[in-house]
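The sequence and structure come first.

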Amino acid sequence: MSQGSLFLISAPSGAGKTSLVNALLEKPGAAQGATGLCVSVSHTTRAMRPGEQNGVNYHFIDKPAFEQMVDRGDFLEHAEVFGHYYGTSKSWVTEKLADGWDVILEIDWQGADQIKALMPDAISIFILPPSRDALEQRLTDRGQDKPEVIAGRMAKAVSEMSHYHQADYLVINDHFEVALDDLVAVFRASRLRKSVQEARNQDLLASLLS
């Protein structure tokens, strides 16, 4: 079985990253690889939000448990965001890729940078909002944070967006369906790379050239 591909998707809070990824997973035939497409579930020390489920949205653990995992080298990457820790399980990702799954990591630019250094073949995508005003409105419409928290997130977003140039692909989420089509196009194009096609079509290539 051919090795799966790793996709790193980054965006400032409120840019629509999670909504786009969820829609991508539900789009019939849009992003199905050799085995399938899945999203890595990160570990975090932040509190669970309304509607979230442990093991589905995140693996929610306390800080001492997280630090123990860091000490054991269990994370492919880890970072502190807004005072909370987030990490990606090394064993889970490597096992899925080895089984032929294409894996999505919803990750901040710092984590993407760490993983790119370890796995240069990972495909990185950065999602941007159409404007700062649109981003602030989206954060406000969530109804989850106080104005001072939103102000902090906006300041953080400006810093995060300055790292868009480190990604391989850039998607502007102005009109959702257009952004989704752009994201699908990235996944389809990545699977047409020569190295991927050679690995997944060895028998066909051998028969054509025999």
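## Packing of H5 on H6

In this predicted model, helix H5, which spans residues 132-141, and helix H6, which spans residues 147-161, have axes that come within 10 Å and cross at roughly 135°. Angles over 145 degrees would count as roughly antiparallel and those from 65 to 115 as roughly perpendicular, and H5 and H6 are therefore oblique to each other. The crossing of these two helices, H5 and H6, is right-handed.

On the H5 side the contact is made by Arg132, Leu135, Glu136, Leu139 and Thr140, while H6 contributes Ile150, Arg153, Met154, Ala157, Val158 and Met161. Sorted by class, the residues in the contact of H5 with H6 comprise seven nonpolar, one polar and three charged.

## Packing of H1 on H7

A further helix pair is formed by H1 (residues 17-26) and H7 (residues 176-190), whose axes come within 10 Å and cross at roughly 65°. The crossing of H1 and H7 is right-handed.

Here Ser19, Leu20, Ala23 and Leu24 of H1 meet Phe176, Ala179, Leu180, Leu183, Val184 and Phe187 of H7. The contact of H1 with H7 holds nine nonpolar residues and one polar residue, with no charged residues.

## The four-stranded sheet

Four strands, in the order E4-E3-E6-E5, make up an open sheet in which the pairing is mixed. Strand E4 (59-60) and strand E5 (75-81) lie at the edges and have a single partner strand each, so one side of each is left without a neighbour in the sheet. Helix H2 (residues 63-72) packs on this sheet, where H2 touches E3, E5 and E6, and the direction of H2 makes about 140° with that of E5.

Within the sheet, strand E3 (residues 43-44) pairs with strand E6 (residues 84-89) in the antiparallel sense over two bridges, and His43 has Gly87 of E6 as its bridge partner. The pairing of E5 with E6 is likewise antiparallel, and it runs over six bridges, with Thr88 in E6 as the bridge partner of Glu77. E5 and E6 form a hairpin with two residues between them, and Phe82 in the turn has a positive phi of about 50°. Although E5 stands at an edge of the sheet, this strand is mostly covered, with five of its seven residues buried.

## Surroundings of Ile127

Ile127 belongs to strand E8 (residues 123-128). With a relative accessible area of 0%, Ile127 is buried. Its C-alpha atom is separated by 6.7 Å from that of Ala15, although Ile127 and Ala15 are 112 residues apart along the chain.

When neighbours within four places in sequence are left aside, Ile127 is in contact with Ile9, Ser10, Ala11, Pro12, Ala15, Lys17, Leu20, Val171 and Asn173. Among these partners of Ile127 is Leu20, which is also one of the H1 residues that meet H7.

His163 is placed in the loop between H6 and strand E9 (169-172). The relative accessible area of His163 is 18%, and because buried means under 20%, His163 counts as buried. Apart from its neighbours within four places in sequence, His163 is in contact with Trp109 and Phe126.

Terms used. Residues are numbered from 1 along each chain as its sequence is written. This is a predicted model: local features need pLDDT of at least 70, side-chain atom pairs count only at pLDDT 80 or more; totals for chains, interfaces and linings use all residues. Side-chain values use heavy atoms; hydrogens and water are left out. Axes are lines fitted to C-alpha atoms, for helices over the stretch in contact, and angles run from 0 to 180 degrees between N-to-C directions. Angles under 35 degrees count as roughly parallel, over 145 as roughly antiparallel, 65 to 115 as roughly perpendicular and the rest as oblique. A crossing is left-handed if the near helix is turned anticlockwise from the far one by less than a right angle, and right-handed if clockwise. Contact means heavy atoms within 4.5 Å. Ala, Val, Leu, Ile, Met, Phe, Trp, Tyr, Cys and Pro count as nonpolar, Asp, Glu, Lys and Arg as charged, and the others, Gly among them, as polar. Two strands pair if DSSP finds at least two bridges between them. Buried means under 20% relative accessible area, exposed over 50%, partly exposed in between (1.4 Å probe, protein chains only).
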